[in-house]
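Hello,

Here is the structure you asked for. Please open it first, then read my notes below.

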Amino acid sequence: MKRSRNVGASSPVNGKQDWDTRRKRKIADITQALSVSPVDVATLRRMAISEGGLLTDEIRCQVWPRLLNVPPDVLDQEPETVERENNKDYNQVLLDVQRSLRRFPPGMPDEQREGLQEELIDIILRVLKRNPQLHYYQGYHDIVVTFLLVLGERLATALVEKLSTHHLRDFMDPTMDNTKHILNYLMPIIERVNPEVHDFMEQAEVGTVFALSWLITWFGHVLSDFRHVVRLYDFFLACHPLMPIYFAAVIVLYREEEVLDCECDMAMVHHLLSQIPQDLPYETLISRAGDLFVQFPPSELAREAVSHESTAASTFKDFDLASTQQRPDSVLRRRRKQKQAALESSAVNSVVTVAQPSAARRFVRLAVMGLTVALGAAALAVVNTALEWAPKLDLFP
């Protein structure tokens with residue numbers, strides 16, 4: 001995947017004016033969608049997916065409940081007091097929340113932060129008490145704190161409960177089997193778009209454990225800028241529950257050059273991929289994730305995800321052992337260079353032979369990964385898929 005950080009030659013002044021115009025238009029569209037009866041949820045989903053997402057926390061307070069279809073009477077309920085001392089999850093939740101200082105805005109007064117941490121503990125314990133079928137996992141608090149900071153305790157409690165029984169449900173099983181199954185979608189997506197990166201990662205036996213914290217925290221644990229976190233939450237809340245794994249795939253694909261230049265060694269590739277860059281082109285990657293979802297829907301990848309299960313399971317269990325036994329291996333990189341040299345040689349001898357696969361590859365990559373204008377058809381297809389999926393989870397009446 002080519003990485004282009006220069007979007008065009010327009011002046012900064014004109015670009016700001018264009019964005020201000022689009023921003024005002026988006027706010028007007030969101031206000032209109034919220035004002036009609038019934039609320040135009042499809043438009044709200046498109047607004048959440050398209051450039052800039054939902055723009056402000058004030059708008060998120062109005063739209064996020066609609067995206068999750070939390071009834072108004074539930075939103076108005078005052079959260080009940082929760083018993084801590086005899087709660088089986090309290091000690092672990094307390095430890096995790098105490099370690100979550102970096103998730104709060106820099107410069108926030110200690111007293112205010114400590115108050116929010118107490119609310120964070122209460123929200124988590126409250127949701128778990130109401131839903132005994134749910135099991136707490138480390139990283140859950142990273143998602144809950146995002147909702148708390150955007151919505152406040154009352155709204156956050158209602159939305160986190162709905163999210164936990166739907167989007168996050170697989171992560172809250174007694175075992176990690178379903179979580180590992182979701183991770184199994186990662187490699188088939190990468191293989192569809194860039195077989196070379198896929199083969200390199202397979203050769204390195206890196207597995208998918210590097211993306212675990214991305215997935216189960218919706219990237220909240222690994223991104224330092226809160227603006228980027230809430231932008232992704234806009235996107236994920238508007239889409240199918242598997243969209244975070246598509247976004248994980250586009251991050252790997254965006255880093256194609258770094259991956260292929262890395263030594264083909266499990267520990268080294270894992271270290272590279274687990275250190276997520278903070279300057280990612282988020283809007284471009286969001287658009288590409290939407291494109292990938294349209295081109296390769298989960299139903300098409302389900303069989304391959306099952307076939308990858310044993311590999312993923314062994315990665316979780318044997319990572320430390322394998323990383324100590326694996327030795328640096330440059331064979332794959334040499335093969336890559338030899339393959340490139342062979343292609344260049346063939347181009348001299350037979351233009352037609354090389355031109356056909358080259359053109360096919362360009363066509364596929366442009367069709368799959370090309371940035372759609374204002375997300376256009378890809379956004380519409382993603383929204384429609386979300387709308388089709390949502391009734392199964394009772395998200396729409």
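E161 sits in helix α8, which spans residues 153-164. What does E161 touch, leaving aside its neighbours within four places in sequence? The contacts are V127, R130 and N131. Please keep in mind that this is a predicted model.

Now the overall picture. The protein has 22 helices and zero strands. Of its 397 residues, 49% are buried. Take the contacts between residues at least 6 apart in sequence: 80% of them join residues at least 24 apart.

Next, the aromatics. The count comes to 15 aromatic pairs. One of them is F236 with F247: the ring centres are 6.2 Å apart and the planes stand at 80°, so this pair is edge-to-face. The angle cut-off for that class is over 60 degrees. F236 belongs to helix α13 (residues 226-237), while F247 belongs to helix α14 (residues 243-254). Eleven residues separate the two, and the pair links distant parts of the chain. Are these two phenylalanines buried or exposed? F236 has 0% relative accessibility and therefore counts as buried. F247, also at 0%, counts as buried.

Ring pairs join F236 and F247 in a cluster with W64, F147, F210, W214, W218, F219, Y233 and F235.

Helix α14 has another partner to look at. It packs with helix α17 (residues 282-295) at an angle of about 120°. Their axes lie 9 Å apart. The crossing is right-handed. Which residues meet there? From α14 come M243, Y246, F247, V250, I251, L253 and Y254. From α17 come Y282, L285, I286, R288, A289, G290, L292 and F293. By type, the contact of α14 with α17 has 13 nonpolar residues, one polar and one charged.

Last, the record. An unreviewed UniProt entry annotates residues 235-254 and 366-387 as "transmembrane region". In the model, residues 235-254 are 75% helix and 0% strand. The end C-alpha atoms of that span lie 19 Å apart.

Best wishes

Terms used: Residues are numbered from 1 along each chain as its sequence is written. This is a predicted model: local features need pLDDT of at least 70, side-chain atom pairs count only at pLDDT 80 or more; totals for chains, interfaces and linings use all residues. Side-chain values use heavy atoms; hydrogens and water are left out. Rings of Phe, Tyr and Trp (its six-membered ring) pair if their centres lie within 6.5 Å; planes under 30 degrees apart count as stacked, over 60 as edge-to-face and the rest as tilted. Helices (H or I, at least four residues) and strands (E, at least two) are DSSP runs, numbered from the N terminus. Buried means under 20% relative accessible area, exposed over 50%, partly exposed in between (1.4 Å probe, protein chains only). Axes are lines fitted to C-alpha atoms, for helices over the stretch in contact, and angles run from 0 to 180 degrees between N-to-C directions. A crossing is left-handed if the near helix is turned anticlockwise from the far one by less than a right angle, and right-handed if clockwise. Contact means heavy atoms within 4.5 Å. Ala, Val, Leu, Ile, Met, Phe, Trp, Tyr, Cys and Pro count as nonpolar, Asp, Glu, Lys and Arg as charged, and the others, Gly among them, as polar. UniProt positions are given in the numbering used here, feature names are shortened, and annotations may be inferred rather than shown by experiment.
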